Structure formats: C-alpha cells, structure tokens
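Please work through the following exercises with the sequence and the structure in view, and try each task before reading its solution.

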Amino acid sequence: MVFYKNKKFLIPLVSILFILLVCGAIYFSPIKQLLIFLPQVTKERVGTFTNLQPEAQKGAHYVGSANCAECHQDIYDKQSASMHTKMIQDVKKDPSVIVGDFTTLPVDADFELKNVVYTIGGKFKQRYMLRKDRDGKEDYIIGNYQWNTENSNWQSYKVFNDWYHDAWPEDNKQIPTSHTCDGCHFTGYMSTQKRVEPAIHCENCHGPGSNHLEDPVKENIYMATRQDPIRSMEVCLQCHMRNVDKRLDSTTMADLYGIIKDYAEGFEPGMSLVKYKKAMPYQPGINDAKFYGNGIGYKNRMQGNEYVQSAMYKHGITCMNCHDPHTVDNTAQTPRGDKFCMSCHKMGSPIGPHQSTLTAHTKHEPESTGSSCIECHMPKTGKHTGKSPTTVRTHVFRFIYPKESLEYGVANACNNCHTDKTLEWSDKKLIEWGMTTWERH
Ligand code: HEC
Ligand code: HEC
Ligand code: HEC
Ligand code: HEC
Ligand code: HEC
Ligand code: HEC
Ligand code: HEC
Ligand code: HEC
C-alpha cells in the first residue's frame with residue numbers, strides 16, 4: 001500500500017484514472033461519432049464579408065477543365081460522369097443529348113430541332129438554346145416549349161414568368177440567356193461574361209486556374225473546405241440559391257429594364273458572395289411567387305434558400321458532408337439511406353433524435369418506410385414546373401407539420417405517404433404522440 005503512504009503517486013494516478021474515465025465516457029457515448037467533424041465545425045468563422053480567394057490566385061484567368069485532367073485525372077473522370085457536366089450539351093457534337101420527342105412538338109413552337117444549338121438539362125425537364133446575337137455578341141434565347149421529362153410531354157415555357165415581370169418583354173425571343181441563365185450554366189460566365197466551356201466544371205468551384213497551371217501548388221487555387229465551413233457553401237450557393245439582381249438594393253426594376261441579371265455577376269469562388277448575390281427574400285406568413293409562407297420553396301434549385309434555415313447550416317454542417325462535390329450524387333439515397341444520417345446522429349444523442357430507439361422517435365416499425373429519416377425530414381415539397389409532380393425534396397430538415405399544410409398548402413411528410421388520410425388526421429396523431437416541439441403558430 002505504498003500509494004497510500006506516498007501522496008506523490010496519488011496525483012498522477014488520479015489524473016490517469018480521470019483521463020481513462022473521460023475517454024471511456026466519450027467512447028461509449030453518442031457524441032463519439034461527432035468527434036471526427038469537430039475540426040470542421042470548430043474552424044474559425046471569418047464572417048460573410050472577408051475575401052477568401054488566395055492572394056496568389058487573384059488576377060488569374062479561366063483555362064477550361066481539359067487543362068486540369070493531366071494531373072487530376074481521377075477527379076476529372078468522376079466530375080465528367082456527373083450531372084454537372086450534362087447541364088449544357090452541344091447538339092452538333094452528340095445528337096443523342098436531345099430527350100424531347102420532336103415528332104410531337106406543338107405547331108406553334110417558335111423553333112425546330114435544326115435550330116437547337118445547346119440543350120439545357122434533361123433529367124427533370126429540357127429546354128433549348130437557340131442562337132440570337134445581341135449587340136454584335138454571341139448570345140442565345142430559349143425556345144417557347146420545354147420537354148417535361150417527368151410527364152413525357154411538351155409544355156409552354158415563358159422565361160418572363162420567372163421573377164422579372166417588369167424587367168423584360170413577354171416574348172422569349174427578346175430575353176437573352178446571357179442575362180438570365182448563362183452565369184449558372186456555363187463555366188466562367190458568372191465572373192467574366194465569357195462562355196469558357198459549357199456546363200459546370202472545375203473552375204466554377206475552384207476559381208480561375210491559369211496561375212495554378214503555371215505553378216501547380218495549393219497556394220494559388222481556391223478549395224472551399226480549407227476555411228470557415230459556413231463560407232465553404234458559397235461555391236454551391238452561387239448557383240443553388242434563388243436570387244434577385246443585387247442592384248435592386250439601390251434601384252428599381254424599371255431602371256433595370258432590359259439589362260436585369262439573374263446571377264451573381266462578377267463573383268469568383270472565395271469572394272464574399274453576399275456582395276454579389278441578393279438571396280430571394282421570403283416573406284414570413286405569405287405565400288409568394290417562390291416560397292410558401294413557412295419558408296419552404298416550391299420550385300427546384302432552392303436548396304440554399306432552404307438550407308440556411310437549418311440548425312445544421314448554422315453548426316457548420318455543409319453541402320459537402322452530404323454530396324461529394326465531384327460526383328454530386330446524393331449520398332443519403334439508397335443504398336446508404338438512413339445509415340448516412342446516422343453517421344452523425346444517433347438515438348439518444350445530444351444532437352437528436354433524443355429518444356432511445358428508432359421506433360420511439362418515428363412511431364413506425366424500424367423496417368417501415370415511415371421510419372426513413374429523409375422521408376420525414378426531407379419530404380417532397382417542390383416542383384420542377386407548375387405541371388410537374390412534387391418531386392423536389394426540401395432542404396430545411398426541420399419537420400413540416402400538417403398544420404403548416406392547412407395554413408399554406410405546402411406538402412408534409414405524413415400526408416405524402418398517407419394519401420387517403422386528412423391533414424386533421426395526421427395533426428391529431430402528432431398531438432397524441434407528443435411530437436409538436438417545433439410547431440409554429
Ligand atoms: C501540372 C499538374 C497540375 C495541373 C495541370 C493542375 N494541377 Fe491542381 N494541383 C497540382 C499539384 C501538384 C497540387 C498540390 C498538391 C499538394 O500540394 O498536395 C495541386 C493542387 C490542387 C488543388 C488543391 C488541393 C488541396 O489539397 O489543397 C486544387 C483544388 C487543384 N489543384 C485544382 C486544379 C484545377 C482546377 C486545375 C485546372 C485548372 C488543376 N488543378 C491543374 C497539380 C496540377
Ligand atoms: C461543384 C464544385 C466543384 C467542382 C465542379 C470541382 N470541384 Fe474539386 N473540390 C470541390 C470541393 C468543395 C472540394 C473540397 C472537398 C473536401 O474537402 O471534401 C474539392 C476538392 C478538390 C481537390 C482536393 C481534394 C481531393 O479530393 O483530392 C482537387 C485536387 C480538386 N478538387 C480538383 C478538381 C478538378 C480538377 C475539377 C474538375 C475536373 C474539380 N475539382 C471540380 C468542389 C468542386
Ligand atoms: C455554376 C453553377 C453550379 C455550381 C457552382 C454548383 N452547382 Fe450543383 N448543379 C448545377 C446545375 C445547373 C445542376 C443541374 C444539372 C443537370 O440537371 O444536368 C446541378 C445539379 C446538382 C445536383 C444534382 C445531381 C443529380 O444527379 O441530380 C447536386 C446534388 C448538386 N448540384 C450539388 C452541388 C454542390 C454540393 C455544389 C457545391 C460544391 C454545387 N452543386 C455547385 C449548378 C451548379
Ligand atoms: C442562379 C443560378 C441559375 C440561373 C440564373 C438559372 N439556373 Fe437553371 N438551374 C440552376 C441549378 C442550380 C439547377 C439544378 C438544381 C435544381 O434543379 O434543383 C438548375 C436546373 C435547371 C434545369 C433542370 C435540369 C434538369 O436536368 O432537369 C433547367 C432546364 C434549367 N435550370 C434551365 C434554366 C434556364 C432556361 C435559365 C434561364 C432562363 C436558368 N435555368 C437560370 C441554376 C440556375
Ligand atoms: C444532411 C444532408 C444534406 C445536406 C447538408 C444537403 N443535402 Fe442536398 N440532398 C440530400 C439528400 C438526402 C437528397 C435527396 C435524396 C433523394 O432524393 O433520394 C438531396 C438532394 C439534393 C439535390 C437534388 C435535387 C433534385 O431535385 O433532385 C441537390 C441539387 C442538392 N441536394 C443540393 C444541395 C446543396 C446545394 C446543399 C447545400 C446548400 C445541400 N444539398 C445540402 C442531403 C443533403
Ligand atoms: C456531418 C454530420 C451530420 C450529418 C451527416 C447529418 N446531420 Fe443532422 N445535424 C447535425 C448537427 C451538428 C445538428 C445540429 C444539432 C443541434 O442543433 O443540436 C443537426 C441537426 C439536425 C436536425 C434538427 C433540425 C434542423 O434544423 O436541422 C434534423 C432534423 C437533422 N439534423 C436531420 C438530419 C438528416 C435527415 C440527415 C441525413 C440526410 C442528417 N441530419 C445528417 C449533424 C449532421
Ligand atoms: C415519422 C416521421 C419521422 C421520422 C421517420 C424521423 N423523424 Fe426525426 N423528427 C420528427 C418530428 C415530428 C420531430 C420534431 C420533434 C418533436 O416534436 O418530437 C423530429 C425531430 C428530430 C430531431 C431534432 C431533435 C429531436 O429529437 O427532437 C432530429 C435530430 C431528428 N428528428 C433526426 C432524425 C433522424 C436522424 C431520423 C432517421 C433515423 C429521423 N429523425 C426520422 C419526425 C420524424
Ligand atoms: C414514407 C412513408 C410514410 C411516412 C412519411 C409516414 N408514414 Fe405512417 N405509415 C407508413 C406505412 C408504410 C405504415 C404501415 C405500418 C408500418 O409499416 O409501420 C404506416 C402506419 C402509420 C400508422 C398506423 C396505421 C394507421 O393507418 O393507423 C399511423 C397512425 C401513421 N402511420 C401515422 C403517420 C404520421 C402521423 C406521419 C407523419 C409524422 C406518418 N405516418 C409518416 C408510411 C409512412
């Protein structure tokens with residue numbers, strides 16, 4: 001019992017026991033799995049105005065992704081297979097990119113297959129770019145019909161019906177894509193007003209690469225995840241967030257007639273996005289052209305507008321935690337499913353769900369689709385066109401209550417599955433289950 005006699009040993013012994021105890025507690029506790037994200041979420045928050053573009057990248061110009069392949073072949077291959085590179089496709093290079101059935105194109109269409117230069121998209125809908133120069137510069141317009149892939153039919157498409165009613169004439173032929181589309185669909189256009197290459201490639205997220213080609217080091221190329229996690233999302237939000245022309249801060253639609261723009265002109269990755277982009281405002285309590293009154297978007301590409309409302313955004317969990325930026329697959333889709341959400345969450349975890357078993361949280365059997373995280377926390381609430389089915393999953397993550405559906409007409413998880421039940425039925429069940437913590441009145 002030498003330890004009793006010699007107190008010198010007591011301090012290190014107690015300290016070691018204490019450390020072991022803490023390690024043990026962490027090992028067995030639900031926060032263990034959060035520790036790997038600690039370096040990410042505790043990075044210094046630099047605020048929204050700091051310019052994070054590397055000093056050695058400033059003044060560089062855009063070079064195109066073919067130049068990056070030589071040294072980053074694996075990333076180039078992954079990225080080339082992603083939907084990002086399918087956004088704008090050249091019909092002459094590959095006629096099979098057309099998904100619309102041109103044999104049924106309505107007679108009052110203002111274009112024919114032979115006039116189409118580029119296709120836009122195709123997964124949910126496809127629109128068609130036709131050449132029409134403006135002020136002597138290469139420019140395009142959009143055909144007055146779009147192919148709805150989800151419904152397999154042609155639908156009328158009027159660009160004017162986006163938010164710029166008072167800034168453009170009604171006729172698509174008068175609305176250039178240079179002002180309304182190209183900043184988000186071509187590489188380099190947002191910053192330079194030049195179509196460096198069609199669709200989304202390396203430099204849309206890493207910034208201009210000429211300096212890096214001359215001297216391939218880390219110091220002259222932007223990589224979003226190096227710094228502040230909140231700011232890292234700006235590379236995605238430059239496109240995946242609906243906005244209005246930033247100049248409307250200090251001027252009116254009427255002043256911008258015929259020159260208004262729908263993208264963050266001048267922005268390059270790393271720069272302060274808020275200086276270039278004005279997020280489309282949502283008006284609490286009011287259903288308007290883009291949002292339900294509870295902040296849920298009812299169109300596609302509103303992931304950013306929605307995600308900024310989430311507790312996960314505020315804690316520095318980013319788009320990249322859930323989507324590989326090079327493959328842009330949806331990592332929570334099957335086969336990974338709930339396991340993916342549960343890589344951070346755990347039953348009984350301090351970040352939730354707070355209940356100790358899955359069924360206690362979801363009130364459905366574990367194998368039931370009614371226990372799937374994304375079915376309840378990312379229900380399908382948005383549409384790709386007014387006539388499309390509701391297929392766009394919300395990115396607010398909080399729970400949308402049946403009461404909100406009663407008030408705003410927005411979809412909710414319970415009634416998306418229980419289509420034979422009323423909103424009042426689901427509302428009553430939630431009250432019975434005591435699951436009304438986040439309900440807004
Ligand atoms: C001649 C070869 C070469 C070419 C071409 C090249 N890179 Fe690099 N790249 C490198 C090297 C080497 C590094 C530094 C790797 C390191 O230090 O770990 C690097 C680093 C990077 C990084 C930072 C990675 C990190 O871990 O911080 C990014 C992003 C990047 N390159 C993107 C690009 C893009 C975009 C292009 C095309 C415009 C490109 N590279 C072209 C060789 C090249
Ligand atoms: C949609 C945005 C986006 C596009 C497009 C993109 N990247 Fe990245 N890239 C990122 C982000 C974000 C990271 C940081 C990922 C992380 O830290 O997990 C990254 C990481 C990297 C890295 C370093 C880490 C690694 O995975 O090795 C390199 C090198 C790189 N990108 C090169 C490229 C090249 C080359 C291209 C084009 C072929 C490209 N990227 C296209 C967003 C993008
Ligand atoms: C320059 C604009 C732009 C940037 C930057 C951008 N995206 Fe995209 N993204 C698009 C467009 C346009 C599409 C639609 C592509 C299509 O349907 O062909 C898309 C599609 C996607 C998809 C769906 C892919 C699929 O298979 O359906 C995901 C996921 C995605 N982006 C995530 C991201 C993330 C994460 C970032 C940031 C790291 C990012 N995007 C940056 C424009 C952009
Ligand atoms: C602020 C950036 C931005 C602007 C401006 C923009 N888009 Fe997009 N667009 C996106 C993003 C991001 C996506 C993919 C994400 C989604 O659909 O949720 C997308 C998706 C699409 C799709 C669906 C793609 C598919 O595979 O189904 C079409 C078609 C499309 N845009 C056409 C247009 C047209 C036409 C214009 C101009 C009148 C335009 N967009 C302006 C960012 C933009
Ligand atoms: C916590 C995880 C998570 C985060 C964070 C997240 N997403 Fe998603 N995202 C998903 C899941 C899950 C899906 C849809 C899976 C499905 O439909 O099966 C999805 C779908 C998408 C789609 C496809 C939309 C469509 O209509 O097909 C886009 C684009 C997208 N996310 C962009 C983003 C962007 C941009 C951010 C950051 C602002 C982001 N996501 C943040 C999990 C996440
Ligand atoms: C990289 C870690 C991580 C992943 C992956 C993740 N979460 Fe989270 N989640 C968090 C953190 C951190 C919080 C904040 C907890 C808090 O505020 O106490 C959170 C909060 C939430 C909340 C609370 C409400 C809100 O506004 O966000 C919900 C719901 C949620 N997550 C659902 C999901 C779902 C569904 C998935 C899978 C698609 C997922 N999470 C994946 C880390 C993660
Ligand atoms: C049947 C619908 C449903 C399913 C499935 C579901 N949740 Fe929830 N979740 C809710 C509701 C409702 C709330 C609101 C809290 C309340 O009122 O109890 C919530 C709250 C949360 C919270 C906030 C903390 C808390 O416990 O209140 C987190 C985190 C969360 N859920 C994560 C998840 C994850 C991860 C999954 C997948 C394993 C999941 N949820 C599956 C309905 C569901
Ligand atoms: C993804 C689909 C899905 C979602 C979302 C969902 N459920 Fe269910 N629900 C089911 C299925 C399937 C069953 C059948 C039994 C089972 O598998 O657990 C069920 C069973 C039930 C039952 C018991 C049987 C009955 O009809 O009386 C109730 C009550 C219920 N759900 C209420 C809700 C409520 C309230 C919500 C919203 C919080 C909800 N469900 C969300 C799919 C879903």
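**Exercise 1.** How many Å separate a nitrogen atom of ligand 7 from an N or O atom in the side chain of His 361?

*Solution.* The model is a predicted one, in which local features need pLDDT of at least 70 and side-chain atom pairs count only at pLDDT 80 or more, while totals for chains, interfaces and linings use all residues. Residues are numbered from 1 along each chain as its sequence is written, chains are lettered from A and ligands numbered from 1 in the order in which they are written, and side-chain values use heavy atoms, with hydrogens and water left out. For His 361 the distance is 2.8 Å, a polar contact (a pair of N or O atoms within 3.5 Å). A side-chain N or O atom of His 377 likewise lies 2.8 Å from a nitrogen atom of ligand 7, whereas His 354 places a polar backbone atom 3.0 Å from an oxygen atom of the ligand.

**Exercise 2.** Describe the classes of residue in the shell around ligand 7.

*Solution.* Begin with the count: 21 residues surround the ligand, each having a heavy atom within 4 Å of it. Sorted by class, the shell holds 10 nonpolar and 11 polar residues, and no charged ones.

**Exercise 3.** Which protein atoms are donors of the iron atom of ligand 3, and where in the sequence do they lie?

*Solution.* The protein donors (N, O or S atoms within 2.8 Å of the metal) are NE2 of His 84 and NE2 of His 240, lying 2.0 Å from the iron atom. His 84 belongs to the loop between α5 (73-81) and β1 (88-90) and His 240 to the loop between α12 (234-237) and β9 (243-244), so the pair ties together parts 156 residues apart in sequence.

Terms used
A polar contact is a pair of N or O atoms within 3.5 Å; within protein, one must be able to donate a hydrogen and the other to accept it, and residues adjacent in sequence count only if both atoms are side-chain atoms. Ala, Val, Leu, Ile, Met, Phe, Trp, Tyr, Cys and Pro count as nonpolar, Asp, Glu, Lys and Arg as charged, and the others, Gly among them, as polar. Donors are N, O and S atoms within 2.8 Å of the metal (3.2 Å for Na, K and Ca); water is not among the atoms, so sites may look incomplete. Helices (H or I, at least four residues) and strands (E, at least two) are DSSP runs, numbered from the N terminus.
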